[in-house]
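Q: Hi! Could you walk me through this model? I'd like to start with what the words mean.

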Amino acid sequence: MKILVLKILALKIPGRTFAAALLLAVASVPLAKTANAQSAIAAAVAKPVSLPDIAIGSPKAPITITEYASMSCPHCAAFGENVFPMLRSKYIDTGKVRFVFREFPLDIKAAAASMLARCIADGDAEKYFGAVRLLFQQQDALMAQTKNTLMLIGKQAGMSEQAVETCEKDQVLLDKLAADQKFALDVLKVDSTPTFFVNGERLKGAMSFEELEERIKPLLKK
């Protein structure tokens with residue numbers, strides 16, 4: 001702060017102009033801190049922790065949207081059903097947005113569903129997003145009859161009952177889910193679902209397509 005003030009004094013700016021310059025210099029300090037904090041969060045979001053990221057869209061896209069969602073979250077299901085298809089059609093499939101989906105299970109049922117989606121996909125992003133959409137569509141049944149619903153969805157994806165049971169007993173996978181969730185909570189300050197990061201900027205809560213598009217368009221102009 002002393003350095004900033006000394007520089008302004010050296011300019012010998014008179015009266016109100018000096019006061020305005022001083023205020024601007026003082027205000028720039030918290031703004032710089034905010035920008036640095038934003039940059040640090042963006043860098044932290046960009047790197048997967050325990051589990052590999054599952055993403056669709058061009059790696060060269062100018063915008064990356066990262067969603068933290070729980071398979072038991074109604075707002076997440078609504079986003080997946082009503083907003084995501086439009087986002088994909090207009091921005092993801094056209095190379096403008098890369099979309100990353102990360103699990104943030106709010107309960108053991110959501111964790112079980114996330115594990116099944118990972119097992120169904122086996123690293124295939126399209127299979128994963130297809131499984132997630134199906135799980136969201138069956139959310140009520142998933143909450144009411146978790147085991148039967150997981151078995152049914154697993155069977156539809158070509159898994160045997162034994163394969164589904166093996167997936168759900170995978171402690172290593174569960175531990176990695178928990179580790180990623182802890183990182184998101186402690187470092188990225190994700191404490192509810194859905195939470196989105198648009199090029200590192202955190203946006204909490206349900207969003208309509210129009211609201212999300214308002215965030216996207218200015219970034220495409222840069």
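A: Happy to. Buried means under 20% relative accessible area, exposed means over 50%, and partly exposed is in between, using a 1.4 Å probe and protein chains only. This is a predicted model, in which local features need pLDDT of at least 70 and side-chain atom pairs count only at pLDDT 80 or more, while totals for chains, interfaces and linings use all residues. Residues are numbered from 1 along each chain as its sequence is written, and side-chain values use heavy atoms, with hydrogens and water left out.

Q: Thanks! Is arginine 102 buried or exposed?

A: Arginine 102 is buried, with a relative accessible area of 9%. Its place is in strand β3. Helices (H or I, at least four residues) and strands (E, at least two) are DSSP runs, numbered from the N terminus.

Q: And what does the side chain of arginine 102 make a polar contact with?

A: With the side chain of tyrosine 68, at 2.8 Å. A polar contact is a pair of N or O atoms within 3.5 Å; within protein, one must be able to donate a hydrogen and the other to accept it, and residues adjacent in sequence count only if both atoms are side-chain atoms.

Q: What else does arginine 102 touch?

A: Not counting residues up to four places away in sequence, arginine 102 touches residues including Val45, Lys47, Asp53, Thr66 and Glu67. Contact means heavy atoms within 4.5 Å.

Q: How many residues of β3 are buried?

A: 6 of the 7, so β3 is largely enclosed by the rest of the structure.

Q: Okay, the sheet. In what order do the strands come?

A: The order is β1-β3-β2-β4-β5, 5 strands in an open sheet with mixed pairing. The edges are taken by β1 (54-56) and β5 (201-204); each has a single partner strand, so one side of each lacks a neighbour in the sheet. Neighbouring strands are turned by 20° against each other on average, direction ignored. Axes here are lines fitted to C-alpha atoms, for helices over the stretch in contact, and angles run from 0 to 180 degrees between N-to-C directions.

Q: Which way do β2 and β3 run, parallel or antiparallel?

A: β2 and β3 run parallel, joined by 7 bridges. Isoleucine 63 stands opposite valine 97 in β3. By contrast, β1 and β3 run antiparallel with 3 bridges, and isoleucine 54 has phenylalanine 101 in β3 as its bridge partner. Two strands pair if DSSP finds at least two bridges between them.

Q: How about β2 and β4?

A: Strand β2 (residues 63-69) pairs with strand β4 (residues 195-198) in the antiparallel sense, over 4 bridges. Tyrosine 68 has threonine 195 in β4 as its bridge partner. Helix α5 (residues 125-137) packs on the sheet, where it touches β1 and β3 (97-103), and its direction makes about 100° with that of β1.

Q: Switching topic: how many cavities of 30 Å³ or more does the structure hold?

A: It holds 1, and about 110 Å³ of space lies in the largest cavity. On a 1 Å grid over the protein atoms alone, a cavity is a set of points where a 1.4 Å probe fits but cannot get out, and a pocket is an open set with protein on both sides within 12 Å along at least five of seven lines; lining residues have an atom within 4 Å of a point. Grid points are joined across faces, edges and corners, and a volume is the space filled by probe spheres set on the points.

Q: Which residues line the largest cavity?

A: Among them are Tyr68, Arg102, Glu103, Arg118, Asp180 and Phe183. The elements that give two or more residues to this lining are β3 and α9 (171-186).

Q: Where does arginine 118 lie?

A: Arginine 118 lies in helix α4 (residues 108-121) and is buried, with a relative accessible area of 12%. Its side chain reaches the backbone oxygen of proline 52 at 2.9 Å.

Q: Last one: what is the volume of the largest pocket?

A: About 230 Å³. The lining of the largest pocket has 15 residues, with Gly80, Phe84, Phe129, Val132 and Arg133 nearest its centre. Two or more lining residues come from each of α3 (74-92), β3 and α5.
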